[in-house]
Amino acid sequence: MLLRILVAEHLPLVRRGLVASLAAEADLEVVADVGHGQEVGVAAMEHEPDAAVIDLDLPDLGGLNAAARLREAAPGCRVLILSAQPNPGQVRRAFEAHAVGFMSLEVAPESLAEGLRAMGAGGRAVDSELALAALESAANPLTPRERDVLRVAAGGARSTEIAGELFLSVGTVRNHLSRIMCKTGARNRIDAVRIASDSGWL
C-alpha cells in the first residue's frame with residue numbers, strides 16, 4: 001500500500017533532505033511539503049495525506065498547533081513530530097496533541113520510514129527510551145497563564161513589559177513569577193526558563 005506523506009519543516013535544506021529520503025522509499029509518496037504552520041491545514045485538505053511529518057519548531061503556529069489544525073482538516077491523517085532537541089516533556093505534549101509518532105531530527109532515514117509504516121498500520125513510532133522517560137517524568141505544574149508569563153519573560157522582558165503584552169497588572173505578573181519559581185524550584189527567572197524548557201513545560 002502506498003502511504004501518502006505531508007512534510008512540514010521550516011528549514012529548506014532539512015525539508016529537501018526529508019522529502020528526498022522519503023521519496024526514495026517505494027511505498028512512500030510525499031504529496032506535499034510546506035515550511036510554515038499556517039500552510040499545514042491547507043495542504044492537508046488539498047492533498048489528503050495518510051501521515052504527516054511535522055517539525056516541532058514550525059514558525060507562526062508551532063508544530064503542535066499545526067498538528068491540531070491538521071487534525072481538523074484531515075482527521076484520518078496520523079502525525080509524527082520531529083524535534084531538534086527531544087525531551088520527555090515534548091513527547092508527552094505531542095501525544096496529548098494526538099500525535100502518534102515522535103522522533104529526533106537526527107533519526108536515520110530508514111528509521112523514519114519504518115516509523116511511518118508502523119503508523120500507517122495503526123501503530124505508534126517513538127523511541128522506546130523517550131517514551132519511558134515521558135511516562136516517568138513529572139506532569140507540567142505550570143498553569144496556561146504561568147506558561148504565557150514565562151514565555152514572555154524568556155525574551156528578557158521586565159514585569160511591566162510582560163503585564164503590557166498579556167494585559168495583566170504588574171502585581172499579577174509578579175505573583176505569577178513568584179509561583180513559577182516556587183513550582184520549578186528556580187533561583188531566578190533565567191533559571192525558571194531553563195528548567196521549564198528542559199522539562200518540556202513551555
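Start by selecting Glu25, which is partly exposed, with a relative accessible area of 24%. The model is predicted.

Arg117 is partly exposed, with a relative accessible area of 23%.

Which residue forms a salt bridge with Asp27? Arg117 does, and the closest N and O atoms are 2.6 Å apart. Asp27 is in the loop between H1 and E2 and Arg117 is in helix H5, so the pair ties together parts that are 90 residues apart in sequence. Asp27 has 25% relative accessibility and counts as partly exposed.

Now move to helix H7 (residues 144-154) and select Arg145 and Asp148. Their side chains meet in a salt bridge at 3.6 Å, N to O. The two residues are three apart in the helix, which means about one helical turn separates them. Both are partly exposed: Arg145 has a relative accessible area of 32%, and Asp148 has one of 27%. Elsewhere, salt bridges with shared partners join Glu25, Asp27, Glu114 and Arg117 into one network. In total, the structure holds 11 salt bridges.

An unreviewed UniProt entry annotates Asp55 as "modified residue: 4-aspartylphosphate". Is Asp55 buried or exposed? Asp55 is buried, because its relative accessible area of 2% is under the 20% cut-off.

Show the surroundings of Asp55. With its neighbours within four places in sequence left aside, Asp55 is in contact with Ala8, Glu9, His10, Gly63 and Leu82. One of these, His10, makes a polar contact with Asp55, side chain to side chain, at 2.6 Å.

From Leu82, step to Ser104; the two are in contact. Ser104 also contacts Ser83 and Pro86, again leaving aside neighbours within four places in sequence. Ser104 lies in strand E5 (residues 101-104), and its side chain reaches the backbone nitrogen of Glu106 at 3.0 Å.

Then select the cysteines Cys77 and Cys182. Cys77 is buried, with a relative accessible area of 9%, whereas Cys182 is exposed, with a relative accessible area of 63%. How many disulfides does a search of the whole structure find? The count is zero.

Finally, zoom out and colour by domain. The protein is divided into domain 1, residues 3-136, and domain 2, residues 144-199. How far apart are the C-alpha centres of domain 1 and domain 2? They lie 30 Å apart.

Select residues 4-120, where the unreviewed UniProt entry places the feature "domain: Response regulatory". Over this range the chain is 46% helix and 23% strand. Its end C-alpha atoms are 9 Å apart.

Conventions:
Residues numbered from 1 in each chain as written. Predicted model: local features only at pLDDT ≥ 70, side-chain atom pairs only at ≥ 80, totals over all residues. Heavy atoms only, no water. UniProt positions renumbered as here; feature names shortened; annotations may be inferred. Buried < 20%, exposed > 50% of the residue type's maximum accessible area, 1.4 Å probe, protein only. Contact = heavy atoms within 4.5 Å. Polar contact = N/O pair within 3.5 Å; in protein donor to acceptor, adjacent residues only side chain to side chain. Disulfide = S-S within 2.5 Å. Helix = DSSP H or I, 4+ residues; strand = E, 2+ residues; numbered from the N terminus. Domains from an automatic or database assignment. Salt bridge = Lys/Arg side-chain N within 4 Å of Asp/Glu carboxyl O.
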